[in-house]
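Here is a walk through one protein model, from its contacts and overall dimensions to a group of aromatic rings. Keep the structure open as you read.

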Amino acid sequence: IDKELITSLANENDIDIFSIAEYDESFAINVMMIRKGQNVGQINYPLINIVGEKQDILMSFISGYYDNNSVLPKEIVLKEFNDEKLEILQMYLLSNFNKAIKITIPKIGIKVQFLQNGEKNALDFLIHNKERIEKHERLTIDALDKIKSILNLKRLNRIECFDISHISGQFAVASMVVFEN
């Protein structure tokens, strides 16, 4: 892919490529970032306790991804997206970020290879990290359920943590961390 990357994407702008894989009732999304024609990296995101169609899961993930990411590409590459959902995603990006982002569903070429590579990487990530992902779930979600049970709460949407420090009674400093949902 490297030689093709250099020749095919040399004049391309910023592109984000989203691939999704499913394994044993879990999903992972691979985000590959192309900047100025160069593959600058990819990240796998595990999704636990998610139910739905791949397109819906991917659309929800993309909207959250860009809500938390200040760098918007000129193009997004996806696999198998129906026209209605594609239009909804484009409208969402335009209305929330005031930027028209091209969304491509390639049929042939290097972008298809990138999608396939991303899907394979997401699947490999799920297979090789299943135990670690389950342990993380036990340490976070199960722990929150236990706190909720101990405190007899119906739901736990927000946790506030405070730390107040001082040096010999002077120079007080405080911090607060908030966890939501």
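Start with the contacts. Among those between residues at least 6 apart in sequence, 56% join residues at least 24 apart. Bear in mind that this is a predicted model.

Next, the fold. The protein has 4 helices and 7 strands. Along the sequence they run α-β-β-β-α-β-α-β-α-β-β. The radius of gyration is 21 Å, well over the 16 Å that the globule rule gives for 181 residues, so the protein is more spread out than a compact globule. Its C-alpha atoms fill a box of roughly 65 × 40 × 30 Å along the principal axes.

Now burial and surface. Of the 181 residues, 32% are buried.

Turn to the rings. The count comes to 8 aromatic pairs. One of them joins phenylalanine 18 and phenylalanine 61 edge-to-face, at 6.3 Å centre to centre with 70 degrees between the planes. Phenylalanine 18 sits in strand E1 (residues 15-23) and phenylalanine 61 in helix H2 (residues 54-67), so this pair ties together parts 43 residues apart in sequence. Both residues are buried.

Phenylalanine 18 also pairs edge-to-face with tyrosine 66, at 6.0 Å and 75 degrees. Tyrosine 66 lies in helix H2, so this pair with phenylalanine 18 of strand E1 links parts 48 residues apart in sequence. Tyrosine 66 is buried, with a relative accessible area of 1%. Ring pairs link Phe18, Tyr45, Phe61, Tyr65 and Tyr66 into a cluster.

Key. Residues are numbered from 1 along each chain as its sequence is written. This is a predicted model: local features need pLDDT of at least 70, side-chain atom pairs count only at pLDDT 80 or more; totals for chains, interfaces and linings use all residues. Side-chain values use heavy atoms; hydrogens and water are left out. Helices (H or I, at least four residues) and strands (E, at least two) are DSSP runs, numbered from the N terminus. The radius of gyration is taken over C-alpha atoms; the globule rule is 2.2 Å times the number of residues to the power 0.38. Buried means under 20% relative accessible area, exposed over 50%, partly exposed in between (1.4 Å probe, protein chains only). Contact means heavy atoms within 4.5 Å. Rings of Phe, Tyr and Trp (its six-membered ring) pair if their centres lie within 6.5 Å; planes under 30 degrees apart count as stacked, over 60 as edge-to-face and the rest as tilted.
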